Protein chains: 4
Amino acid sequence: MDFFSDNTAPVHPAIWQALAAADAVDHAYDGDALSQSLDARFSALFEHEVTVVWSSTGTSANALALSLLCPPYGGILCHEEAHIVLDECGAIEHATGGARLLTCPGNGAKLDVDILRARIAKLGKGVHHTRPFAVSLTNVTEYGRVYRADEVAAIGAFCRDQGLKLHMDGARFANALVRLNARPADLTWRAGVDALSFGFTKNGAMNAEALILFDPAKADEARRRRKRAGHLLSKGRYMAAQLHAMLEGDLWLANARAANAAGAVLAQAAGDRLIHPVDANMLFVRFSDEEAARLRAQGFGFHPAGPGAARLVASWHQSEADVAPFAAAIAAL
Amino acid sequence: MDFFSDNTAPVHPAIWQALAAADAVDHAYDGDALSQSLDARFSALFEHEVTVVWSSTGTSANALALSLLCPPYGGILCHEEAHIVLDECGAIEHATGGARLLTCPGNGAKLDVDILRARIAKLGKGVHHTRPFAVSLTNVTEYGRVYRADEVAAIGAFCRDQGLKLHMDGARFANALVRLNARPADLTWRAGVDALSFGFTKNGAMNAEALILFDPAKADEARRRRKRAGHLLSKGRYMAAQLHAMLEGDLWLANARAANAAGAVLAQAAGDRLIHPVDANMLFVRFSDEEAARLRAQGFGFHPAGPGAARLVASWHQSEADVAPFAAAIAAL
Amino acid sequence: MDFFSDNTAPVHPAIWQALAAADAVDHAYDGDALSQSLDARFSALFEHEVTVVWSSTGTSANALALSLLCPPYGGILCHEEAHIVLDECGAIEHATGGARLLTCPGNGAKLDVDILRARIAKLGKGVHHTRPFAVSLTNVTEYGRVYRADEVAAIGAFCRDQGLKLHMDGARFANALVRLNARPADLTWRAGVDALSFGFTKNGAMNAEALILFDPAKADEARRRRKRAGHLLSKGRYMAAQLHAMLEGDLWLANARAANAAGAVLAQAAGDRLIHPVDANMLFVRFSDEEAARLRAQGFGFHPAGPGAARLVASWHQSEADVAPFAAAIAAL
Amino acid sequence: MDFFSDNTAPVHPAIWQALAAADAVDHAYDGDALSQSLDARFSALFEHEVTVVWSSTGTSANALALSLLCPPYGGILCHEEAHIVLDECGAIEHATGGARLLTCPGNGAKLDVDILRARIAKLGKGVHHTRPFAVSLTNVTEYGRVYRADEVAAIGAFCRDQGLKLHMDGARFANALVRLNARPADLTWRAGVDALSFGFTKNGAMNAEALILFDPAKADEARRRRKRAGHLLSKGRYMAAQLHAMLEGDLWLANARAANAAGAVLAQAAGDRLIHPVDANMLFVRFSDEEAARLRAQGFGFHPAGPGAARLVASWHQSEADVAPFAAAIAAL
């Protein structure tokens, strides 16, 4: 069984149905009825007027978001192990026209106001230096930690005070939300978030991510930048259909709960091996090379995470029963 | 019935089957078996070692191709009505870091050596001026014309002589190829083409385009630029599956033949109304406003193409019988 | 005698004195007293609060100006023979991050509202198309014509109506102004100009150009973009000194009058050979190859300007007496 | 007396003479005789065929150099306190189209092979990660340390082995060279340096820096990128004249020796207060706030360098006698 990534999971049956239903002839690009109704649907979900700009990857959503929040000559405060720093091959620099990632330390890949304040204090203030324009958080973080709404709100208040915009990379936003049992609004605009990369692909879709802009005045710019980046699909209705299906009946929440529950089973088995507290569906555990090899020999797949450590990711399609054998194998080490 | 664009067509049943088959858990990004076998499959198709870089839009394929062939300070010779000029919101400028499109005239959106030579003659030669590094052709052109292999080869030879790289925007490459009954190699690398944007979405796929690089030394750069542009999909196997299915049993050729045949039925009906000879599945016809309105009132959808003109696009899923009513309605005007 | 360009002229004696006076030790970059007083001095000159950003080339001033007025995904309406189109090697594309120059025709390299309106009418309006954000005029134009204040104001009003910003490339702004006997304000902000590239190098300085921003809210962005482009000089006081010296006692106007007067002598001699009316210090004349060769053999230097044509530029250091021999030689052809 | 920066120093008398001599009318841009002879002159100096591209700032030289050595999707290994990191407002990102600075620690702002190797080991190797293409060293470093030729050569050999290009930011190259009594070739191409930003402004020029490219095949690209960045001056002869004058009679070496000698006087006075060994003309010393205030009250100017520390820079125009009072004041603290 595979715990490499929630990206290796299949597509949810409801998504397949929605895709099939989108097969009727309709307008190209985002002129179809499914696409045209997304702004309203997400506005209802977030209890706020939003603009949704969807694309097929989280990297493109992050890059588009930050190109809207930071000029080419600016900087973006973020964690030194953020996905945008380590795993996107410079997508942010490309999309922004050369803005700089101003990296910060922080346990569990989490930032807080003190960390941000200390980083800003080290920056020169004049034209010779990179001026920060935005902060980017990842929630769930790259180490599986969740920012609570009050933690985001503290950062959001700091951002407003400092004249900074706030972006949330929510590739696993659903997993964070169900963990907190929070409302989408509480974890985003009410906490000062300006733009959210709202991930669906890891959570059961095929290839659909939504950038949520809480300032609809950005809509025209965002849509032009998406087109320019080659991320406006000609048969866009197949992507819009996925987003509708994910929201329908709160499928996105159910899937995230399933993934988190599977993760919790593994976390319990891992016990003292855990490197970080487990808030969602992603675990970092201590395995010796020999232990990792033994688990792999039993058919369990996962990525290493540095010397003596491994990353385990549970997915929406793995029930607690499904992961029980892996949990047992870990406990038996 | 809809003749707006081949982008409004549904997904071919064989693609749906291939997508479903790709639903098994496999590695993320392009680490899966389907992705890993694409270079070999396209190399066989083109009778040449190629690197394939797939993405979800033609714009991204064009932009990636030209970013590989032209530096930021260079220029790209192309037709003044090329898709990259009029319909991609500056994607080429974005991907290349600011290269300039050096536009040329030409009937039916076709270029030839004389046109290119005349355009180059007008360019200054020093550091103050934009130096051309590449030529981009569209085949089928934006006006539905097809470049024959010998026409491409003449431009290819000119390019080699001038130190220029040659890109082909083949959003409807299949339609050109079946029209000519040519081999893929003849219309591309044997004719001097360095990179081909090979379209599948208009021809029956959901969202899969392939950039074919005839110089595999470009592979690493191309894959990094794709990632950086946010065009490497996390569940990439669903895109690779589409490409395999399109090639399987020459589905891509069959679909293109169907679209061209449907286009030919319309062309015959249009007769003297045709603005350009019809080489493939796209027609430009003279309709007065009153005529256009009459056709639309009968349920036929199509885009205007300037005053007194319309663009009609036939698709792979429209049989000759399907389009007969529209042909009759045109003939009856 | 040399009529190649006003760039081949020497440095004015008053500039040499100002440079020598700037040799005292003072703060680096623009922290010196000369630099710090430039905003106030130019604000007085323009009867408007302005921000001045100086750099060593007109290309950098144009590029900086347009990077402030047009986003990467936008377009800039300008003449097809504008300096920014033909002679800056893509500097605008580089500085803006890939904005596109939307070129227009126009006699004598002049634009007007009808030309702009017609060009805009041809542009698509959706996200697929390049949306114009700015207009750039050159005054004196590349063919030596001058826009009167009312002509600029008509374009300025059109721009405001269309939501466009207006840039003036004033490499020879002084020559235009003295021709019109206008006030700097009349030809700029009162006529709707948002940013002026105000040239001094051709007019007697060594290497000093001033970008005048009529919206001081742009100051921080402008200064950061200048630094980022490598155009903030470490010994900036030597550049600031030149600008002060040019304004002192209206040296800039006197020099421009001298250049225009010299140009007028040549224009009178050229008579029917003139291709465009002569408004300032630059002439385009018809010379056969044989005639051009004869003049060159007599020691007169000038650039060709296409078949059977030549460009003659008079400079501030050429008195009417100085150019009389050339005028006589032209008249004697 | 001013120890803020060698940028606050005046222009050397020999430079003034050379500028005056350049006042004769000659071709514009770099078409003049002075400009045309620079490649040969620097080739002789470096005992190697080089291309020289001059511009008015060190930032532009660094940015141009790195845009030639690293693609937009690549990374540049450099010290975390390098000038290109802290003091150029993202100029490298702008010029390269978004390459990333991969920062490293190191005492005295010096890198070595172990540091570079450790940094590279932490970088992911796939398309998701930033691949390094170049290393940039500063010699004299930002903390006043000098890389010896053998230290550069060790890094150069490592770079060749790793497929990396090597850039040297030589804003104070002269000061490093005279300290080592080395030949220019030994500290550059013989040690594996591909491009040198060779500073003259701090060393007595007005505004002239030379980018030295040891691979002349880069000449066309370099000159186009310079033009595009707005760094080709229209009256370029005034910059070329400065470079000639600096080389004439080894003025550049004499000035650097003077600055280093003045620095040595201060270093001796500072004694235990020194934070780094003093290799050239720049010192970092421990001053309490009270001490710093006392010195400033005596008329000595210098920048703070963090809490309890100050940076002192001696310049070419300060003789040992000139700086003696400051040395005495420091000793008397």
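**Entry 1: chains D and C.** I began with the contact between two chains and found that 48 residues of chain D touch 48 residues of chain C, contact meaning heavy atoms within 4.5 Å. The model is a predicted one, in which local features need pLDDT of at least 70, side-chain atom pairs count only at pLDDT 80 or more, and totals for chains, interfaces and linings use all residues. Residues are numbered from 1 along each chain as its sequence is written, chains are lettered from A and ligands numbered from 1 in the order in which they are written, and side-chain values use heavy atoms, with hydrogens and water left out.

I then looked up the area buried between chain D and chain C, which is about 3900 Å², with 57% given by carbon and sulfur atoms. Buried area is the accessible area (1.4 Å probe) that two parts lose on being put together, summed over both. Of the area that chain D buries against chain C, D:His94, D:Arg228 and D:Lys235 supply 19%, more than any other three residues.

**Entry 2: chains B and D.** Here I noted 20 residues from chain B and 20 residues from chain D in the contact. The buried area is about 1800 Å², and carbon and sulfur atoms give 56% of it.

**Entry 3: chain A as a whole.** I recorded 14 helices and ten strands in chain A; helices (H or I, at least four residues) and strands (E, at least two) are DSSP runs, numbered from the N terminus. The radius of gyration of chain A is 20 Å, close to the 20 Å that the globule rule gives for 333 residues, so chain A is as compact as a globular protein of that length. This radius is taken over C-alpha atoms, and the rule is 2.2 Å times the number of residues to the power 0.38. I noted that buried residues make up 65% of the 333 residues, where buried means under 20% relative accessible area (1.4 Å probe, protein chains only).

**Entry 4: helix 10 of chain A.** I examined residues 219-228, which form helix 10; eight of its ten residues are buried, so this helix is largely enclosed by the rest of the structure. Among the buried residues I listed A:Glu221, A:Arg224, A:Arg225, A:Arg226, A:Lys227 and A:Arg228. Just after the helix, A:Gly230 takes a positive phi of about 75 degrees.

How values were computed. Buried means under 20% relative accessible area, exposed over 50%, partly exposed in between (1.4 Å probe, protein chains only).
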